[in-house]
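This report looks at how two parts of one protein chain meet. Please look over the sequence and the model before reading on.

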Amino acid sequence: MPLTRKAYRAAILHSIADPAEVGIEASYEYFEDGLLVVENGRISALGHASELLPGLPAGVQVEHYPDALITPGFIDTHIHLPQTGMVGAYGEQLLDWLNTYTFPCESQFADPDHANEVADIFIKELLRNGTTTALVFGSVHPQSVNAFFAAAEKLDLRMIAGKVMMDRNAPDYLTDTAESGYQESKALIERWHGKGRLHYAVTPRFAPTSTPEQLTLAGQLLTEYPDLYMQTHISENLQEIQWVKELFPERKGYLDVYDHYQLLGERSVFAHGVHLCDDECARLAETGSAVAFCPTSNFFLGSGLFNLPMAEKHKLNVGLGTDVGGGTSFSLLQTLNEAYKVMQLQGARLSPFKSLYLATLGGARALRLEHKIGTLHPGTDADFLVLDYHATPLLSYRLKQANSIAETLFVLMTLGDDRTVLQTFAAGQQVHQR
């Protein structure tokens, strides 16, 4: 294969560590006039333009962005493909919202043509908002995952998804059985897991919608295929937590249900965790599991406020999730805007560099992919964004007043949205142009 090499010149910023562990100043690398060199889909060099430009071979094209910031691609650790058509649905808390809006919307994915149409819209929205990797819930229908992976494969995206397993406490038209959920998941694993940059996630929706038999078989899949992911929900809503206690009276808590069925592990991601306690955070960290922080949906559905400082205390891996359609935006910039407010309401600060970490390297660590994505280190996949300082008149005016990269980053996260993403690259190829 002939070598393809291209360079990108702009201000460049990426996270290199968690600010909670090393302090803010040691957590990032910033080049005011930087150069990113990409070879055959991977980053081959990163540094100051003045140092790298003289060593570039003759003929290498250099794309220059004088008024932009290059960052790693964003990583969304919790989002629902089949809820695209109901994002922004009005006026319910979690359990009523599921019955009123979510289940009827997901029923449409029995139709493969509908699944294909929404998968295309969904991936375009992700890329338009700068998300290059996402951990995605399908519907109970295998065709929802087939449609998503087929669309992602065409663009060589690093994506993770799974068919929802749900054999009780849902409408008949949306339930599988313990055995069919296992067999359909296994067929999808054999077809897609490890194909290109695609990964499969075993996906019991949440404890109340799976029988003990189904949770047992979900754990069995993780044993049969040790490099699979597992995704589900936990401790999002107080009503939901009480329901779990009623359904599993023999278990000492919500997390203990998943622990009992061997669903905790290094590639397990639990969405929300709004009402986790110290002991549960410690147990998740001990097993290498991660939590997806989903501020927009937790606000929107009135679920509560995620306790990030408690998670940090236990060194629990935390990623960021839009949770579309409980969440109200595909934009991780806007999700970070809400995350900042969640911290303020609890009397805590969320620095812009911690925010960047959550949306990039933190998400990669939650997914155990930090050696491939989440930074701009040489050798990693060339998944990156170009953020436009002049995307809107207000953003342009405000950034002229910024006196540091910290202030610039915070303004981008406060005023930015999909319009801020000028270009999105995946494996070195441009997959979105505003």
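## A salt bridge across the boundary

In this predicted model, D418 forms a salt bridge with R128, and the closest N and O atoms of the pair are 2.4 Å apart. The count of salt bridges between domain 1 and domain 2 is four, while five residue pairs, both members at pLDDT 80 or more, are found in polar contact across the interface of these two domains.

## The two domains

The protein chain is divided into domain 1, made of residues 5-73 together with 375-433, and domain 2, which covers residues 74-330. The C-alpha centres of domain 1 and domain 2 lie 30 Å apart, and 16 residues of domain 1 are in contact with 15 residues of domain 2.

## The area they bury

The size of an interface is often expressed as the accessible area that is lost when the parts come together. Between domain 1 and domain 2 the buried area is about 1200 Å², with carbon and sulfur atoms giving 56% of it. On the side of domain 1, the residues that lose the most area to domain 2 are G73, D418 and V431, which together account for 33% of what that side buries.

## What domain 1 brings to the contact

Four polar and four charged residues, along with eight nonpolar ones, make up the side of domain 1 that touches domain 2. At least two residues of this side come from each of α1 (19-22), β4 (61-72), β15 (421-426) and β16 (429-433), and β15 gives the most, with four residues.

Technical notes:
Residues numbered from 1 in each chain as written. Predicted model: local features only at pLDDT ≥ 70, side-chain atom pairs only at ≥ 80, totals over all residues. Heavy atoms only, no water. Domains from an automatic or database assignment. Contact = heavy atoms within 4.5 Å. Buried area = accessible area lost by both parts, 1.4 Å probe. Salt bridge = Lys/Arg side-chain N within 4 Å of Asp/Glu carboxyl O. Polar contact = N/O pair within 3.5 Å; in protein donor to acceptor, adjacent residues only side chain to side chain. Nonpolar A, V, L, I, M, F, W, Y, C, P; charged D, E, K, R; others polar.
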